[in-house]
Amino acid sequence: MFVVTQSLMDSKDAMTMSAIVDATIETTDPDTAPAAVTREYITTLKTGIQPSPEFEKKGLASHAVNVGTKCGHDCSYCSTGSVLRMHDSFKAAGEDPFGLGYAIVDPTVPERVAYDARTSRPENRGMVQLCTTTDAWSPEAQEYALGRKCLEAILSQPGWSVRVLTKNAAVTKDFDVVKQHRDRVLVGLSVTAPPSKAQIMRVVEPCASTIPERIAAMKEAHKLGLRTYAMLCPLLPGIADDLESIEELVQIGLDFGAEEFFAEPVNPRGRALIHTAGTLRQAGYNAEAAAVDQIRHEIEWSGYVVRLVGNVQAALRAQGVLGKLRFLLYPAGLTAEDAAFLREHGDGVVWLGKE
Ligand code: SF4
């Protein structure tokens, strides 16, 4: 067991970085227990349930709830730092938005979520994604039961539904809430590689549940009769972008009754690829690190996307479920030739952003 204490800091900014937590983390088996971030900050956001046109375009949800600005799962490829880099909470914490090893959480989010859920006009209600830039079941969010409280607040009001997206099997503790509203909730734990790659993924997703734990959670959801979807995102080059791995993932998704299959390439923004390649190399996964490094070149990234789309389509087509595919794709970064190819062979591709 070890204890981490971070000193307090105050800010008069709209985002108040007010306090800090004594994070006590118990680890029993260093080989299987998740790692943990070493610095945890508390912030107060302004938002509860927000409309999310971008996620609506993705076909995921019309609204979003987020429980902080930095998720303690600490995935090396996380793109949230790029999206939220100007947010005051990073400055208040004295942390680099692109850095690793810390979390920023807002324990008060459920209060605003409850208010918004209650006061939104009926015509403005819809599906809420929990979450889009953080994770409501990350270790620091669990300390305040943020996932459960947000679920209860949203589902207590009519006209709302929820899409759960997490990388933490702790969500299973809240399946009783989901079960009470099973028609209004879709459950998804990201499955980013087949179980045979679990050790490698532990390196790049150090504080999330293991791949087998996530799959077990999805199977439990299915067994309870909950609605599920598959989130295969991101499928990293050299680890989970080959046809064999994707066929295995599709079979796993079918086994847990996925209504839809979402897939995405790794987001190359910010330092995601540099961090991921460096982390893999440090752990001795040199071939995988080289594969990630390679797609830092635009033309290689474009080629990786074309191969990935083809493999995901092939795996779903072979099972007769290509119609369930939602391959989320920002065309920026594709070569003109690859973009034209995918336009022609884009079954299941959801085109996003500016072209
Ligand atoms: S679980 Fe998602 S939000 Fe959290 S660090 Fe990983 S990629 Fe980022």
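This is a predicted model: local features need pLDDT of at least 70, side-chain atom pairs count only at pLDDT 80 or more; totals for chains, interfaces and linings use all residues.
I number residues from 1 along each chain as its sequence is written.

Fold. I looked up the secondary structure and found 14 helices and 15 strands, taken as DSSP runs (helices H or I, at least four residues; strands E, at least two) numbered from the N terminus. Of the 355 residues in the chain, 48% are buried, where buried stands for 20 or more other C-beta atoms within 10 Å of the residue's own, exposed for 12 or fewer, and partly exposed for in between, with C-beta atoms placed from the backbone.

Ligand. I listed the residues surrounding the ligand, among them Cys71, His73, Asp74, Cys75 and Lys167, using the criterion that the C-beta atom, placed from the backbone, lies within 6 Å.

Positive phi. Asp74, which is not a glycine, has a positive phi of about 60°; this residue sits in the loop between strand S7 (68-70) and helix H2 (80-83), and counts as buried because it has 24 C-beta neighbours inside 10 Å. Ala145 also has a positive phi, of about 50°, in the loop between H5 and helix H6 (146-155), but is partly exposed, with 18 other C-beta atoms within 10 Å.

Cis peptides. I found a cis bond joining Leu130 and Cys131, with omega about 5°, and a cis bond from Cys233 to Pro234, with omega near -5°. Cys131 lies in the loop between strand S9 (127-130) and helix H5 (139-143), and Pro234 in the loop between strand S12 (227-232) and helix H10 (243-255).
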